[in-house]
Amino acid sequence: MMNKLYPNAAVALQDIVADGQTIAVGGFGLCGIPEALIAALRDSGVKNLTCISNNAGVDDFGLGLLLATRQVKKMIASYVGENKEFERQFLSGELEVELTPQGTLAEKLRSGGAGIPAFFTKTGVGTQVAQGKEIREFDGQEYVLERSLTADVALVKAWKADTSGNLVFRKTARNFNPDVATAGRITVVEAEEIVETGSLDPDQIHLSGIYVHRIICNPNPEKRIEQRTIREA
């Protein structure tokens, strides 16, 4: 059986990342992001990347690390409001941005992973989202054609993985991670715990190991909170 375990994030990425690639990254805000893999991608020095992710992290964490080092040439995302450097690069014309409705982005990744090249959706019809895209009528309603997304490399965060790559995600950290995993030509997973194959209840597995090529263990991730709001005593 193929050995999918790698000692750390740097080793897992060293022979598969390159300049000009498209990288899909799981997570929502700072929840469920592959922290160690993002840091290793930054440290690899690859540049001119197109990153597909729900958002671009914050200025000093998540994908914000890659923006700070100017390794990203284009972001395909649905939300960018927490990153001042992102805003600066975008407004100055240094960064290309393809804003995509959140549900459409999820479906673009899911469809790409399923081998579906494009699909029609009502989301965005009559707005700037639909400009330059094919519009077709079905049952008296207009729909816009959206191309699906795939990536050269997908970076995914899981709670548990077995040595075959079967994954379990924890609560809302499930978010974009399963769709990102299926959309990658090579998928690298950062898990908090790795167990032997056969240890996971098959009914509890969220993603089959057939989509996973490499696994690293990061047992103590930082897990930052974007905006922490607490009630007064």
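Two strands count as paired if DSSP finds at least two bridges between them; helices (H or I, at least four residues) and strands (E, at least two) are DSSP runs, numbered from the N terminus. The model is predicted: local features need pLDDT of at least 70, side-chain atom pairs count only at pLDDT 80 or more, and totals for chains, interfaces and linings use all residues. Residues are numbered from 1 along each chain as its sequence is written, and side-chain values use heavy atoms, with hydrogens and water left out.

**View 1. The open sheet of β5, β7 and β6.** The 3 strands are ordered β5-β7-β6 and pair antiparallel. β5 (118-121) and β6 (135-138) are the edge strands, each pairing on one side only. From one strand to the next, the twist averages 40 degrees (axes are lines fitted to C-alpha atoms, for helices over the stretch in contact, and angles run from 0 to 180 degrees between N-to-C directions).

**View 2. β5 beside β7, with helix α5.** β5 and β7 (residues 141-147) run antiparallel and are joined by 4 bridges. Ala118 has Arg147 in β7 as its bridge partner. Helix α5 (residues 102-113) packs on the sheet and touches β5 and β7 (contact means heavy atoms within 4.5 Å). The direction of α5 makes about 150 degrees with that of β5.

View 3. The structure holds 1 cavity of 30 Å³ or more, and the largest cavity has about 40 Å³ of space. A cavity is a set of points on a 1 Å grid over the protein atoms alone where a 1.4 Å probe fits but cannot get out; lining residues have an atom within 4 Å of a point. Grid points are joined across faces, edges and corners, and a volume is the space filled by probe spheres set on the points. Among the lining residues are Val25, Ile33, Ser53, Asn55 and Leu63. The lining divides into 5 nonpolar, 6 polar and no charged residues (Ala, Val, Leu, Ile, Met, Phe, Trp, Tyr, Cys and Pro count as nonpolar, Asp, Glu, Lys and Arg as charged, and the others, Gly among them, as polar).

Notes: On a 1 Å grid over the protein atoms alone, a cavity is a set of points where a 1.4 Å probe fits but cannot get out, and a pocket is an open set with protein on both sides within 12 Å along at least five of seven lines; lining residues have an atom within 4 Å of a point.
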